[in-house]
Amino acid sequence: MSQQSYQEIIHRVERLHRRFLDVLSIELVKFGIEDINNVQALIAYNIGPDTLTVGELTARGYYLGSNVSYNLKKLVEAEYIVNERSAHDKRSVRVKLSDKGIVLRRNMSEMFQRHVDKLAEADLSADQLGDIENKLANVEAFLTAQLAYAGITAPRD
């Protein structure tokens with residue numbers, strides 16, 4: 001592999017994420033959602049049925065430099081999530097989806113299924129997608145190993 005190929009993989013992953021966020025923005029308009037942005041919707045989706053701390057949510061998701069605390073504040077203001085203070089540690093805040101957030105997550109799950117169905121029409125088989133996923137996981141493992149070599153622990157999914 002050449003340096004150019006390696007750099008292209010990194011750039012392509014970045015572009016894929018940005019394109020996905022663009023598609024998500026369009027889908028939010030179709031859902032009639034105008035009070036949150038695409039990154040905020042993705043954060044809400046990633047909370048799922050769980051109750052998480054901000055740290056757990058940050059480690060779970062990939063928000064490409066977004067300010068998770070700011071976006072959580074906006075999600076609370078728009079009533080997609082609710083905060084709960086820990087009974088044991090008043091400094092710790094846990095978040096979970098509200099009823100409005102559950103509806104958003106359901107809409108996004110349906111969107112993901114539509115996308116999966118359309119990928120099959122685009123001549124991408126389940127095996128091919130699995131192969132892409134495995135290869136990207138290998139690149140991720142390589143980068144994680146580079147962090148470990150430097151003494152840095154990568155966040156867990």
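User: Where does Glu79 lie?

Analyst: Glu79 lies in the loop between helix H4 (68-77) and strand S2 (81-85). Here helices (H or I, at least four residues) and strands (E, at least two) are DSSP runs, numbered from the N terminus. Before we go on, this is a predicted model, in which local features need pLDDT of at least 70 and side-chain atom pairs count only at pLDDT 80 or more, while totals for chains, interfaces and linings use all residues. Residues are numbered from 1 along each chain as its sequence is written, and side-chain values use heavy atoms, with hydrogens and water left out.

User: What is the phi of Glu79, and is Glu79 buried or exposed?

Analyst: Most residues other than glycine have a negative phi. Glu79 has a positive phi, near 70°. Buried means under 20% relative accessible area, exposed over 50%, and partly exposed in between (1.4 Å probe, protein chains only). Glu79 has 54% relative accessibility, so it counts as exposed.

User: What about Asp123, and where does it lie?

Analyst: Asp123 sits in the loop between helix H5 (99-121) and H6. Its phi is also positive for a residue other than glycine, near 70°. With a relative accessible area of 65%, Asp123 is exposed.

User: How do I check the span of H1?

Analyst: The expected span of a helix is 1.5 Å times one less than its number of residues. H1 has 28 residues and should therefore span 40 Å; its end C-alpha atoms are 41 Å apart, which agrees. After H1 comes Gly32, whose phi is positive, near 80°.

User: Which residues of H1 are buried, and what do they pack against?

Analyst: In H1, the buried residues are His17, Leu21, Leu24, Glu27 and Leu28. They pack against helix H2 (38-47) and H5.

User: Thr53 is in strand S1. Which residues is it in contact with?

Analyst: Contact means heavy atoms within 4.5 Å. Leaving aside neighbours within four places in sequence, Thr53 is in contact with Ser92, Val93 and Arg94. Its relative accessibility is 17%, so Thr53 counts as buried.

User: Which residues form the nonpolar patch on the surface?

Analyst: Like charges are joined within 9 Å, and nonpolar side chains (Val, Leu, Ile, Met, Phe, Trp, Tyr) within 5 Å. Accessible areas come from the Shrake-Rupley method with a 1.4 Å probe; for residues, only the protein chains shown count as cover. Met1, Tyr6, Ile10, Phe142 and Leu143 form this patch, with about 480 Å² of accessible area together. Helix H1 (3-30) and helix H6 (126-149) each supply at least two of its residues, while Met1 is in the segment before H1.

Conventions
Patch = residues over 30% accessible without salt bridge, like charges linked within 9 Å, V, L, I, M, F, W, Y side chains within 5 Å. Salt bridge = Lys/Arg side-chain N within 4 Å of Asp/Glu carboxyl O.
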